[in-house]
Amino acid sequence: MSLSYSQINKLPPRISVGEYAFHRLRQLKVLTIFGLPGEFSMPLMDKLYKVPGMKWAGNTNELNAAYAVDGYSRLKRLGCIITTFGVGELSAMNGIAGSFAEHVGVLHIVGMPPTSATTKQLLLHHTLGNRNYEVFYRMANDITCYTTMIVDTDYCADEVDMCIRMAWVKQKPTYMGVPSNQIDLEVDSTRLDIELNLQLDSLIENANIRGNDDLIEQILDNKKQDIQGRIQEDLTKIILKRIYESRSPAIIIDACVSRQGMMRETQLFCELTNFPTFVTPMAKGIINEDMPNFGGVFTGSISSPDVREIVDFADFIIVIGCVLEEFSTSSFHFNIKPKNRVLIFDNSVKVKNVAYPDINIKTLLKNIIFQFDQSNINYSFERKMDIQIPKNQITRDQLLRQEWVWGEFSHWFQPGDIIITEVGTSAFGIMQTKFPKNTWGISQALWGSSGYSLGACLGASYAARELEAEANIYGASNKNSLSHRVILFVGDGAFQITMQELSTIIKADLKPYIFVMNNQGYSIDRFLHHRSNAKYYDIQQWHYLSLLSVFGATDYETRKIVTMGDLQDMLADRNFAINDKIRMLEVMVPSMDVPQAIIDKWQREKEGSNIINENDQPHSTETTNSDLLSWSESPLTELEPDRKKRHL
């Protein structure tokens, strides 16, 4: 007879609700907690060290902690952040909103003043001075899928379980306020012997967690399950019918595939149908890009001509893991027309304009795969959709350009890599690359908060370390079992926003590659807004490569990459490919140089408005002497002597 969880961990019959929460997280392999200590949260944090294997990250500020827990959760499906009441939780709110927008499961625990202060309406610090202790709790309602406060002795463990389940299943943040005097509420430790039900079907909207087992409600629940089963079956037949009838189909993979843990089912579906398959920017890395039917990244209005030729003229499109059916940014937009489309969201499906709510999409996809009959397919796969990543024929002394940089990195990536890109030129440049098999991609394409990526790099590095440790223990055979290099591409402007988290990375002895793409300011905004000379896009130039030493790193590597030869030598160095130390690389690119997709969009807009003038022209991919002279004379960068010297 096997021992239970409480027996293995030698737990007493009663434990505090604080310990209970951390044990629940540990059971889901959430081992690192992010955040900052505060007066009202420290009693809870003391419980963390009573649970074996749990670690405290200790961030430099709450916003960075929210970015870090987001990056961590994208790899482990759930993360936890602890902040203090008022000032702490509000600092984290931007990051939590990003997790809500991009479907990332986060448990946000807030240490709150004791209930006596609330009852007596005392005037405490960290309040608005109006004796209202619920104002921040109410603010959280709109950017979380579930909010609660631990105030009920009888149901405190139920509330902890519900917060964790909702964050895991719905892949959205949840909010749990814990008054400092409630931390030691005792709960039965044997509850931990029963695993949480983390199936999507287990959550019924507005369910009463107080344990109402009335017979009528049970009958209604059974009827609902029967109805849902019939809907699933009907929906499976409808989708298969459209799959069989289509002659020019396309599959688009979106972010909710990874959020809902459907990577294997989605990969199998794409291989079985052999339909042309594309990913959105938020989904890059989810499926194997070595598939012969993989066609690249679908970015709507700025997709490559080859991608648009297939998607725009498809007679049937199925979007798996759809986040939004319409998406518009300052740089691109897409809108898949309703005609003969199927949109599979995280918990619903839309066929043409008919919506089917409360659908377990993982079960649906399994049903489609199980019932799929290859002989009924009308589509004939014609050719392998190769994504050409050219080897650049550029002289070694040539100064770098965006187009050349990303092509070189495509050949350097390896299976198991976790590649993080900041919003801006890096996010568009990475779309031009081809990922090896079993590679993760992390970006914040929808919320797009500048500075996100460095915090996410910290969280992803913690998660990568844990995944490798789990693989050693459990002998995993999937991509979790690979060695993981964490690779960050971040612009100099975004880096300056959250650079303090470099200190936390060093403190934790994490070993990411940090490529600072130095284009002397906010290049993507400078370019898209056609204000190349506006001073508000400029930033103070830092000695970036000195920061590792400033923050106390002792085992590290830094390089400044100026020419094509510098880049090629670095990527050809076998020792450089081994992630045995933290590395910071400063990659110098021109301030008005952007990936080709953005240049094409700009040119189309300019041609449409007939306002192109010579001052607005972007840099072409051909390097001229005048280009080199303009770079060398630019007052924006400290690199002028280097550039001019190399040119001469």
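This report describes salt bridges in a predicted model.

Residues are numbered from 1 along each chain as its sequence is written. Because the model is predicted, local features need pLDDT of at least 70, side-chain atom pairs count only at pLDDT 80 or more, and totals for chains, interfaces and linings use all residues, while side-chain values use heavy atoms, with hydrogens and water left out.

Side chains of opposite charge can pair when their charged atoms come close. A salt bridge here is a side-chain nitrogen of Lys or Arg within 4 Å of a carboxyl oxygen of Asp or Glu. The structure holds 24 salt bridges.

| Pair | N to O distance |
|---|---|
| R191 and D158 | 3.0 Å |
| D573 and R559 | 2.9 Å |
| E586 and K560 | 3.7 Å |

Helices (H or I, at least four residues) and strands (E, at least two) are DSSP runs, numbered from the N terminus. R191 lies in the loop between β8 (186–188) and α9 (215–245), and D158 in helix α8 (residues 156–170), 33 residues apart. D573 is in the loop between α21 (564–572) and β23 (582–588), and R559 is in strand β22 (residues 556–561), 14 residues apart. E586 in strand β23 and K560 in strand β22 are 26 residues apart.

Buried means under 20% relative accessible area, exposed over 50%, and partly exposed in between (1.4 Å probe, protein chains only). E586 counts as buried at 2%, whereas K560 is partly exposed at 28%. R191 is partly exposed at 27%, and D573 is partly exposed at 25%.

D573 and R559 also belong to a network of salt bridges that links E557, R559, D573, D580, K581 and R583.
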